[in-house]
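Me: I would like to learn how to read a model of this kind, one feature at a time. Could you take me through it slowly?

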Amino acid sequence: MTAASSAEDNVLVIGAGMAGIEASLTLAEAGAKVYLVEREPLFGGKTIKYEEVFANMECSTCMAAPKQQEVLQNDRIELMTLSEVREVKGEAGDFTVGVHRKARYVDAEACIGCNACFDPCPVSLPNEFEENLGERKAIYLPCPGALPNVPSIDTERCVRFTENKECTLCQEACMFEAIDFNQKDEDVELKVSGIIVATGSDLIDSSQLKELGYSGEGNVYTALELERLYASNGPTEGTIQLRDGRTPSSAAIVHCAGRKDTGYCSAVCCMYSLKFVHYLKDKLPDTTVHEFYTDMCIPGKKYQEFHDRMKDKVNLVRYDELSVSPNGGSVGISYKSGAGTNEKLDVDMLILAPAMVPSRGAEELAGMLGIEQGGRGFFGSSTGSPAESGKGGIYVAGCAQGPKDIGQSVAQAGAAVGRFLSAASRGFSGE
Amino acid sequence: MEKRIGVYVCECGPNISEALDIDRVVEAVSGMDGVVVADRYKLLCAGAGQQHLVDQIKEHDLTHLVVAACSPKEHESTFMSVCEKAGINPYMFQMANIREQVAWVTPDKEQATERAIRHVRAAVGRVIRHTPLATREIECNPDVLVIGGGIAGLSSAALLAGPERKVYLVEKEPALGGAVKGYEKLFPGMRSGSELVQRYQAQVEANDNITVLTGTTVKSILGFLGNFEIAVENGQGEGQEFMVGAVVAALGMKEDTESLGEYGYGEIDDVYTALEVEAMNLEGRLALKNGDAPKSVGIIHCVGREHSEYCSSVCCMAGMKIGRYLKDKLGDVKVTGFYRDLCVPGCDAEQFYRETRDAGMEFVRVGRVEVHDSGNGIVLKCGTAEGAVKEEKVDMVVLLPSVQAAEDVGALAEMLSLPLGPHGFMIEEHEKLAPVNTSMEGVYLAGGVTGPGTAEQTLSQSEAAAGRILAGLVPGRKLETEARVSEIRADLCAGCRTCLTVCCYGAIDYDPMKGICVVNEVLCRGCGNCASACPSGAASHRHFTSNQIYREMAEILK
């Protein structure tokens, strides 16, 4: 690709987690104009929910934030939050994409991110970003440090929108006249030559895993819930405590939650479960930690060392079958051990490592884009390289293609960009 | 030239104005050396605020600017642009963070005011010692050297080469294709390995912009991003030199042979490694040494894992694939995998495991396995996880050894002055954020050199390396150097080379003619290691000189 033609190339990146961010920054470096579309009001994906990442326990938000700042300051990248792709037409080199952009009702230019608008808001509700472990208002930032540092109004909860009330409390609290109730949702049409799909993954709904006792109440938690409990910008500011405020004196982490249902290994759970041993012992050194695993899957040159460092701090138990039931104030675990014996154990806190599944709306998006979806619902072609989608001009990056860690996601984002730039330089012939 | 400093304190709405007494801050800096104007403003980052600063710089003929406001992470780049717009060098600017570091964390207004005064005075003390800095543009060569002609190197080269970019693909073996060429099938989809190689090899061979140099090794790599001088040599000792802008290291992997002896390899007949069985399979000779078909085969996982101290990630599936070869081709053979932990990550691998089990391969979870020659066949003594020992007689043993980086990776690392990681793999610049970069700009990693991985992961890395180069090394575009870098004063440098040992980016060269060290501005990232290590004060950071830092500290601590 020549410098001149690359500057004219527009690219759409769907999903602004670490893969989407990496793809956007690399494309911008190449001279492309990037539309980075994200349906949430903030960006950074799952990574910004973590306090630390395995295996070197680097602070996750400190790792992500400089990359996020680069995106925000890059003139070639237009970050479109609260936006969803609704329609895709055309082919490699010439796509027309319809994007629905929801109004934020806060002027990003005028807002300085002081958060003065939250307090007066009369509506409180569970905060989804905090896995419902904390509360937020109808005008909110999902968490302290969220980027862009501009609140948004949740029109499904704000009484102006739900009850047609003339409530202006947030507007009155704003010193910068940043709150604008007159903003409207928009439908934007984008012309792009290529599309990179980086929509990430979700965790399987743990409440569907009947034998594991998760209800969103009580003392069974998901991995993401523990992440937010440990997070210094989370609902407890990093205090690991049970929903009733007690400190757990024992905890168990159960690997492979939902693996039987999905039929595959989610690749990263063993490592982050070992990271949880560090989380728990760091904050609660007197808490006994048990880890129930099926096979310890710690592939790659760096991970066994971490496993070996953690293994003395935890009671590692291999299980074949396992079920969970509430037992008074604690959680009862019945399991068949790797040795074939039937055992029981009571703990105060149980943490599930749920299977990774394709993100919400993956099927609809695959249909819209005309790209392949494997048997497990993740995107990607089974015959090409992992960044290929099965359709020319469209490439896949990160966990949208299947479970992988952050490093592999970022690598694949680079691969998607590599394929796009190379194909674009050939006028997408042979795509 | 007269130094004329302007100091502007942002109210940031109530954020700063209510938390501290701004007028006292303004007053405290007004008399300082060089300050010609100090004032407050309601919101400097807003459009009107920025214009106000531009107007002020022009009106007061300012040479330096201090803004006391939020974190530089928020708006340093905003105010540097303001300087440029007003016609002063953007590095003649200093920001004092009196919001995050003072207003928001100091409840007592009196204390907050005192702290803010120190922060702003420190900024003034520093900025007066700033010097204008500039970036430089340098020409760069867009061509690429790819080392290694396996799938990683082939796929990288295929994406990179074009009318404006040549690729030199250097392979030490006489033929391209690497390890994968020797695999009949690839897990988990059991697609053909040679077909995959063919797909990329055909693209490479059809591309006039790729020079394939087989039977050739790299002798030296000198230079830096955009300007590497490469010397290669073929088997006949004929040398060749050329320039490239970037290097992709795709040297591949090898089996770890260190622990094979513990499993009877080399002593007991019919004990093979996975790669040997791949080769036997490709030749259509899945047989014992005596030519008979084996009736029972034991496949031993995690061979040498105690020694390597990592999981090689591909062996479980490689073992299953070998089981499938045996079952498919020999039919009547008992194949048993002796594993410790089944490692089948990702959305397809477990399905492959189930299919392999359905094909008749058995799996037994064990601890350590010993291989003995009973005189009448091979006996495997398997310690089970529960401590019992089970014996199993087999005709053939297949060892799944740890995966290591290819032989020459050490020599390459040395050539590039890059350190090797603890297990002999090359080190990525950042495990998560820069998995195919090295600490040397312009040198990228793909495949076995960086760690064990599947064909799929290897392709991801090799295409990512291509992506990084396609994005960063655009033909015709010049490279812009970073302004905030280190420099070494030739008159003070004693040539001790301490700085060379602490530079993480290979950015310092020793000039043996002059006996001094020199900073390469293209590679320097301004970390300051050399400046703090230099015993003679010759190395310094252009934007963090000792003088600037001491003046800043003196005002803070006053």
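Me: Which domains does the domain assignment of chain B give?

Reply: Before that, please note that this is a predicted model, in which local features need pLDDT of at least 70 and side-chain atom pairs count only at pLDDT 80 or more, while totals for chains, interfaces and linings use all residues. Residues are numbered from 1 along each chain as its sequence is written, and chains are lettered from A and ligands numbered from 1 in the order in which they are written. Domain bounds come from an automatic or database domain assignment, and for chain B this gives domain 1 (5-133), domain 2 (144-252 + 406-472), domain 3 (260-403) and domain 4 (481-542). Between the C-alpha centres of domain 1 and domain 3 of chain B there are 69 Å.

Me: How do α2 (residues 22-30) and α6 (residues 109-127) of chain B pack?

Reply: Two packed helices are described by the angle between their axes and the distance between the axes. The axes are lines fitted to C-alpha atoms, for helices over the stretch in contact, with angles running from 0 to 180 degrees between N-to-C directions; helices (H or I, at least four residues) and strands (E, at least two) are DSSP runs, numbered from the N terminus. Here α2(B) and α6(B) pack at about 35°, with axes 9 Å apart.

Me: Which residues of α2(B) and α6(B) meet?

Reply: Residues are in contact if their C-beta atoms, placed from the backbone, lie within 7 Å. On the α2(B) side these are B:Arg24, B:Val25, B:Ala28 and B:Val29, and they meet B:Thr113, B:Ala116, B:Ile117, B:Val120, B:Arg121 and B:Val124 of α6(B). By class this contact has seven nonpolar, one polar and two charged residues, where Ala, Val, Leu, Ile, Met, Phe, Trp, Tyr, Cys and Pro count as nonpolar, Asp, Glu, Lys and Arg as charged, and the others, Gly among them, as polar.

Me: Which residues of helix α9 (residues 274-282) of chain B are buried?

Reply: A residue is buried if 20 or more other C-beta atoms lie within 10 Å of its own, exposed if 12 or fewer, and partly exposed in between. In α9(B) the buried residues are B:Ala274, B:Val277, B:Glu278 and B:Asn281. Seen down the helix axis they fall within an arc of 105°, so they line one face of α9(B), the arc being that of the directions from the helix axis to the C-beta atoms. Their cover includes β16 (271-273), α11 (315-330) and β23 (396-401) of chain B. Just after α9(B), B:Gly284 has a positive phi of about 70°.

Me: Where is B:Met190 found, and what is its phi?

Reply: B:Met190 is in the loop between β8 and β9 of chain B, and its phi is near 55°, a positive value in a residue other than glycine. B:Met190 counts as partly exposed because it has 16 C-beta neighbours inside 10 Å. The loop between β8 (185-186) and β9 (191-192) also holds B:Pro188, which a cis peptide bond with omega of about -5° joins to B:Phe187.

Me: How many residues of chain A are in contact with chain B?

Reply: 58 residues of chain A are in contact with 54 residues of chain B. α11(A) gives the most to the chain A side, with 14 residues, and by class that side has 28 nonpolar, 22 polar and eight charged residues.

Technical notes: Contact = placed C-beta atoms within 7 Å.
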